[in-house]
Amino acid sequence: MSYFSELGLAEPILRALAVKGYTDPSPIQRDAIPALLEGRDLLGIAQTGTGKTAAFSLPSLHRLAQDPKPRQNAGCRMLVLSPTRELAAQIAENMRGYAKFLNLTIQCIFGGVPVGKQARALERGVDILVATPGRLLDLIDQRALTLKHVEIFVLDEADQMMDLGFIVPLKRVANMLPAGRQSLFFSATMPQAIAELGRQFINNPVRVEVAPQSTTAERVEQFAIHINQAEKQALLTLSLRDGLADDAAEKATHGAIDRALVFSRTKHGADRIVRHLVAAGIPAAAIHGNKSQAQRTAALGGFRQGTVRVLVATDIAARGIDVSGVSHVYNFEIPNVAEQYVHRIGRTARAGATGVAISYIAADEKPYIRDIERLTRVKLDLLPLPADFQNQAARLPAPARVAPAAPQGDRRGGGRAGGQGGGRGRPQGDRSRSDAPRGDRREGAAAGEDQGERKRHFRPRGPKGLGAHKGAVRRAS
Ligand code: AMP
């Protein structure tokens, strides 16, 4: 008998939780589930990793199952909106697990894949629909979907939605939802603009706030290295090579790497990093909005299975991705929004584990570090460059000019990538000054991610008082 049964969830749900091996509800589940079972609206301030998916899924599944209704053509009873495809897919997968013993259909729709098949899947209606906003509205405009039967509406990662420029689509959705539905609104942070957006959806909500972000930060060993932008690639390559080696435990400065997530500010930057790593014999894959859905799925799959132990991601692509066993997070560029740093390092140290985060700080990134240290109240441990860095860097091979399809395998011992020795004798990345990620401009891609990246580029950076972060940061003590 698990503690979940005390929350009043139906037996088939308890059985599914037992299969998943959950015994205790997480704090957000403990707080949210009883109120949601009563049909209350909810304002949840929580980031991924807190168990919020189950917090909104379990009571919703319970309510839908207790009140069975025939499916309505092109309709759904529950709608979950997520900012990114990966998160949508992950939510749907989790919900399918929780609904394993219930007779409820769950469909997931997002952009980047043909719309026709998704429209057909909705023809007879579904019980639960997990969607990204753009594709949702496409399907509504095509009359393949109606929201008039929605009983439960969940808006997940509202702050990320806003960053991605989804505000107008969300307002359209708000106007289409039936008045009597239950609404749940989640965001990792709650600045004024998000709170205002929330008011359009939720009515007299129960407020649940968990996962003080600094708690995660406190479980992660955080290091920083001052380094020229042009030398970052060589440092990363050498650091990964040591950390992934069989004798890494003795050799690597920051311990053996199980899986490493490298954050790049831009999509082209991510591709460039992968090219360099592959050239050096380190299997790596990139995940960002310019990749096809199949490439993204393959990259994530390889990373989950451990066949590719280095994933290079943009913030938005990585947001919400739940992969256990990420031991190291590398900040190849420092995010100019301090909260983003917390999200990044939160990819490691999941489920109580500890992790290592290493930030590469170029001279122009120093102010960002000050913001980050103020937000997390953790001082980064400064590390020197490895001994003999310049010599080791000079021996690294240069990458192929064109990125092969992702995910990219180990090309050690020949092949195009490793074979071009044109750059021998100079540190990797020394071309990157002229096309440095900071100034990178992207061409057509997943619209949301582009907007998000552009926004961050031009975001004015004023002095941020700690007060601005109060909602997001609560010390564990
Ligand atoms: P989420 O914040 O929803 O992304 O969940 C983070 C991770 O915690 C996911 O891998 C979940 O499967 C897992 N999880 C959620 N609730 C529980 C629980 N009560 N016990 C154990 N694991 C959980």
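In what order do the 7 strands of the open sheet stand? Select the strands of this predicted model and read across: β3-β4-β2-β5-β6-β1-β7, with parallel pairing. In general, the strands of a sheet pair through backbone hydrogen bonds, in either a parallel or an antiparallel way.

Next, select residues 106–109, which are β3, and 206–209, which are β7. These two strands stand at the edges of the sheet. Each has a single partner strand, so one side of each is left without a neighbour in the sheet. Now look along the sheet: on average, neighbouring strands are turned by 15 degrees against each other, direction ignored.

Move to β2, residues 76–81, and β5, residues 152–155. The two run parallel and are joined by 4 bridges. To see one pair, select L79 together with F153, its bridge partner in β5.

Then select residues 85–98, helix α4. This helix packs on the sheet, where it touches β2, β3 and β4 (126–131). The direction of α4 makes about 175 degrees with that of β3.

The last stop is helix α8, residues 167–176. Which residues of α8 are buried? Select P169, L170, V173 and A174. They lie on the same side of α8, because they cover an arc of only 145 degrees around the axis. An α-helix has 3.6 residues a turn, so residues three or four places apart point the same way.

Show the surroundings of these buried residues: they pack against β2, α6 (133–141), β5, α7 (158–163) and α9 (192–199). Finally, turn to the face of α8 that points away from its buried side, where V168 and N175 are exposed.

Notes:
Residues are numbered from 1 along each chain as its sequence is written. This is a predicted model: local features need pLDDT of at least 70, side-chain atom pairs count only at pLDDT 80 or more; totals for chains, interfaces and linings use all residues. Side-chain values use heavy atoms; hydrogens and water are left out. Two strands pair if DSSP finds at least two bridges between them. Axes are lines fitted to C-alpha atoms, for helices over the stretch in contact, and angles run from 0 to 180 degrees between N-to-C directions. Contact means heavy atoms within 4.5 Å. Buried means under 20% relative accessible area, exposed over 50%, partly exposed in between (1.4 Å probe, protein chains only). The arc is that of the directions from the helix axis to the C-beta atoms.
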